[in-house]
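Welcome, and please open your viewer.

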Amino acid sequence: MSATLTWYTDDIILCTLEGEFDVETYAVMEGKLPMMVREVDHPVSVILYLAAGAELPNLRGILQEIGILCNVMPPNFRLFVGVGHGFLLTNPLSLMIASIILNRYYKRNRGRVRVAGSIQKAVRLIDALSGDAG
């Protein structure tokens with residue numbers, strides 16, 4: 001399986017994407033992820049982590065998938081934070097450009113899809129936005 005879901009903390013799910021980004025990955029994200037969020041009665045955020053060696057998904061496909069997920073997630077869902085691996089996906093310039101693209105692409109869900117340079121930075125971002133995201 002190329003997508004693994006684990007509880008990182010009580011209010012953060014870590015979705016680790018490994019290997020090829022395939023149909024099974026979409027099935028895990030669209031099926032299991034909303035169910036995990038629905039299992040609890042408090043706000044939950046999701047870190048989408050593209051692990052080392054993982055194939056970079058088609059940009060248009062992953063943007064559409066995250067948009068679909070934002071619309072099917074239960075009311076206690078707060079936000080997605082994308083984290084890549086390697087300099088190309090974690091340097092400040094790339095993160096700034098990605099933030100601009102995400103804000104323009106997700107007009108209806110503005111602010112609910114973010115990026116961070118590491119899992120630790122994603123956790124800090126989620127904590128900092130805890131009162132603003134939902």
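Start with the whole chain in view. Among contacts (heavy atoms within 4.5 Å) between residues at least 6 apart in sequence, 72% join residues at least 24 apart. A word on what you are looking at: this is a predicted model, in which local features need pLDDT of at least 70 and side-chain atom pairs count only at pLDDT 80 or more, while totals for chains, interfaces and linings use all residues. Residues are numbered from 1 along each chain as its sequence is written, and side-chain values use heavy atoms, with hydrogens and water left out.

**The overall view**

Switch to a cartoon and colour by secondary structure.

The C-alpha trace spans about 35 × 30 × 25 Å along its principal axes. The radius of gyration, taken over C-alpha atoms, is 14 Å, which agrees with the value near 14 Å for a compact globule of 134 residues. That globule rule is 2.2 Å times the number of residues to the power 0.38.

Of the 134 residues, 46% are buried, where buried means under 20% relative accessible area, exposed over 50%, and partly exposed in between.

**Stop 1: Ser 45**

Select Ser 45, in strand β3. Is Ser 45 buried or exposed? Ser 45 counts as buried because its relative accessibility is 0%. Show the residues around Ser 45: beyond its neighbours within four places in sequence, Ser 45 is in contact with Asp 11, Ile 12, Ile 13, Arg 78, Leu 79 and Ile 126.

**Stop 2: Phe 77**

Move on to Phe 77, in strand β4. Its relative accessibility is 2%, so Phe 77 counts as buried. Leaving out neighbours within four places in sequence, look for its contacts with Val 37, Val 44, Val 46, Cys 70 and Arg 112. Then draw a C-alpha to C-alpha distance from Phe 77 to Asp 41: they are 36 residues apart in sequence and 10 Å apart in space.

**Stop 3: Leu 69**

Go to helix α2 and pick Leu 69. With a relative accessible area of 0%, Leu 69 is buried. Not counting residues up to four places away in sequence, Leu 69 touches Met 29, Glu 30, Leu 33, Pro 34 and Phe 80. Tyr 105 is 36 residues from Leu 69 along the chain, and their C-alpha atoms are separated by 14 Å.

**Stop 4**

Select Ala 27 in helix α1. Ala 27 counts as partly exposed because its relative accessibility is 49%. Ala 3 is 24 residues away in sequence and 9.2 Å away in space, C-alpha to C-alpha.

Next, find Glu 39 in the loop between α1 (23-38) and β3. At 62% relative accessibility, Glu 39 counts as exposed.

**Last stop: the largest pocket**

Rolling a probe the size of a water molecule over the atoms shows where empty space is left. On a 1 Å grid over the protein atoms alone, a pocket is an open set of points where a 1.4 Å probe fits, with protein on both sides within 12 Å along at least five of seven lines; lining residues have an atom within 4 Å of a point.

How much space lies in the largest pocket? About 680 Å³, with volume being the space filled by probe spheres set on the points, which are joined across faces, edges and corners. Select Leu 56, Leu 59, Leu 89, Ala 98 and Val 115, the closest to the pocket's centre of the 26 lining residues. Finally, highlight α4, which gives the most to the lining, with six residues.

Notes: Helices (H or I, at least four residues) and strands (E, at least two) are DSSP runs, numbered from the N terminus. Buried means under 20% relative accessible area, exposed over 50%, partly exposed in between (1.4 Å probe, protein chains only).
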